[in-house]
Amino acid sequence: MMYEPKKSDSPVVATKSANNAARAAAESMEPRGEAKRNTGQQNARRTQSRGSVSSALERVRQAAQANRTCRFSALLHHVNTDLLRDAYHALKRDAAPGVDGVTWDAYRENLDERLVDLCARVHRGAYRAQPSRRRNIPKADGRLRPLGIAALEDKIVQRAVVEVLNAIYEPDFLGFSYGFRPGRRQHDALDALAYGIKWQRVRWILDADIRSFFDTVNHDWLMRFLEHRIGDQRILRLIRKWLKAGVMEDGLVTMPSSGTPQGAVISPLLANVYLHYAFDLWAHGWRRRRAKQKVIIVRYADDIVVGMQHDDDAQAFLSQMRERLAKFSLLLHAEKTRLIEFGRYAAEARKRRGMGRPETFTFLGFTHICGTDRKGRFLLTRKSRRDRMQATLRAIRAQLTLRMHHGIPAQGRWLAQVVRGYFAYHAVPTNASSLLTFRNRVTRLWLRTLRRRSQKSRTTWTRMVKLEEQWLPPVRILHPWPEQRFEVKYSRQEPSAGKLHARICAGGAQ
């Protein structure tokens, strides 16, 4: 019987405990020890007050983990001045201001008095959420992504509430959910996917994308989902205020009837809660009870990749997934959702049929390719997405134009920082050729900029090679092979796995 969200009759627990200690607890379906690197950074006790906050939130986490059906009726008292201060210091100092125009540095003046007043307004119900300031960010495909920039006090309160809610929901979230969770990064999701494709009998890949997810989240369903675990009406009212605060663009405020503002501090957690009930629990139950063979699942926010052994399972899952999401006002993107043959066994089957290599798919900035190593064995190859690289190079070109008349050392230091940041994410095994291409293109853009500074410029390629060696970091693979890092973080074997070496694969292999 599939899980259908409904009004919970579970007991209401009044507790003076909640978790800011955001530690990634082991899921009940995955009996494993807690990974070292999954421990949240927030547990660092900088002060005595900070220690008391962490201890209180740790007790809430333990209560939530001990009873997965209880509802917490007393949570707002955890949003105190100490937690608000920690939330303020956790915000980005150079972030753009919201509609209030208040920056991080400006708010620091009389910080204690401001936080005491903010805490009092939150607790007596006088706090009012302000509209988010709309800002459109260009995407790699040329379209615009609308982001909402919240006012500073809204960010502070949202951050504090997220710390409290993480204590409750982190024990609930499943192992294959990686997006926007403490201690889980994009490379953890990439490692889990690569590990699953290598060690499981994956032949079909479902690359699914939910159309305009953050804009189509149904507010009524979201509040019903939250009420499964949250019985404190004051917390729920705060979340309703943020959902109904609206968006300001060109001086006009629009009040959305659905969706969560992209860019808001609270939105990633609300998105994970929504998809936990709308997709994760259903997918896990389908994998355990209906799948005929192996199934791996990796979800990062609204990007979902499912690997299966048989075409029948893949077709049935896709069809029922569409029906499941439609119940909660979500639709799969028709162009971005594909079911393809992929993996070791797909490559072998296509070779026997006299066909070419399997199609590729993209996930978290990388194109995944069925390749071979030097001995002709299957090798999952990951290359940086070409469109994303082109978008990054266009941004570098625009910035170089603005910095055209800066000194070469200043340009070199800035470019070194940019290239180093790009490598920090993209320097994975099998991606060295893309890194070399990127570094070479940056050098050519730099040469173009230097030649445009004067009509009599004599900057040669030979000189640019010397400048490149002097300023730009060399190409190095910075990340280990996926199975190496994955086995370190999840060192225990999963008892339910059908293969000895298949450990916790992509959140648990059926």
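**Helix H5 and its surroundings**

Modeller: Happy to. Of the 18 residues of H5, 17 are buried, so this helix is largely enclosed by the rest of the structure. Please keep in mind that the model is predicted. H5 covers residues 152–169 and spans 25 Å from its first C-alpha to its last, close to the 26 Å expected at 1.5 Å a residue.

Glu163 has a relative accessible area of 6%, so it is buried, the limit being under 20%. Arg159, with 27%, is partly exposed.

Another pair joins two helices. Glu227 and Arg240 meet through their side chains in a salt bridge, at 3.7 Å from N to O. Glu227 belongs to helix H8 (residues 219–227) and Arg240 to helix H9 (residues 233–243), so the pair ties together parts that are 13 residues apart in sequence. Here Glu227 counts as buried at 13% relative accessibility, while Arg240 counts as partly exposed at 32%.

The next pair connects a strand with a helix. The side chains of Arg299 and Asp280 form a salt bridge of 2.8 Å, N to O. Arg299 is in strand S8 (residues 295–300) and Asp280 in helix H10 (residues 267–289), so this pair, 19 residues apart, links distant parts of the chain. Arg299 is buried, with a relative accessible area of 0%, and Asp280 is buried with a relative accessible area of 0% as well.

Taken over the whole model, the count comes to 22 salt bridges. Some of the residues involved form a network: Arg203, Glu341, Arg350 and Arg353 are linked in this way by salt bridges.

From there, turn to Phe342, which is found in the loop between strand S10 (338–341) and helix H12 (344–352). Although in a loop, Phe342 is buried, with a relative accessible area of 0%. What lies across from it in the fold?

Most residues other than glycine have a negative phi. Phe180, in the loop between H5 and helix H6 (186–199), has a phi near 55°, a positive value in a residue other than glycine. At 45% relative accessibility, Phe180 counts as partly exposed. Ser212 is another case: its phi is positive, about 45°, although it is not a glycine. Ser212 is placed in the loop between strand S5 (204–209) and helix H7 (213–216), and it is partly exposed, with a relative accessible area of 41%.

To return to where you asked me to begin: H5 is largely enclosed, with 17 of its 18 residues buried, and the loop holding Phe180 lies between H5 and helix H6.

Technical notes
Residues are numbered from 1 along each chain as its sequence is written. This is a predicted model: local features need pLDDT of at least 70, side-chain atom pairs count only at pLDDT 80 or more; totals for chains, interfaces and linings use all residues. Side-chain values use heavy atoms; hydrogens and water are left out. Helices (H or I, at least four residues) and strands (E, at least two) are DSSP runs, numbered from the N terminus. The expected span of a helix is 1.5 Å times one less than its number of residues. Buried means under 20% relative accessible area, exposed over 50%, partly exposed in between (1.4 Å probe, protein chains only). A salt bridge is a side-chain nitrogen of Lys or Arg within 4 Å of a carboxyl oxygen of Asp or Glu.
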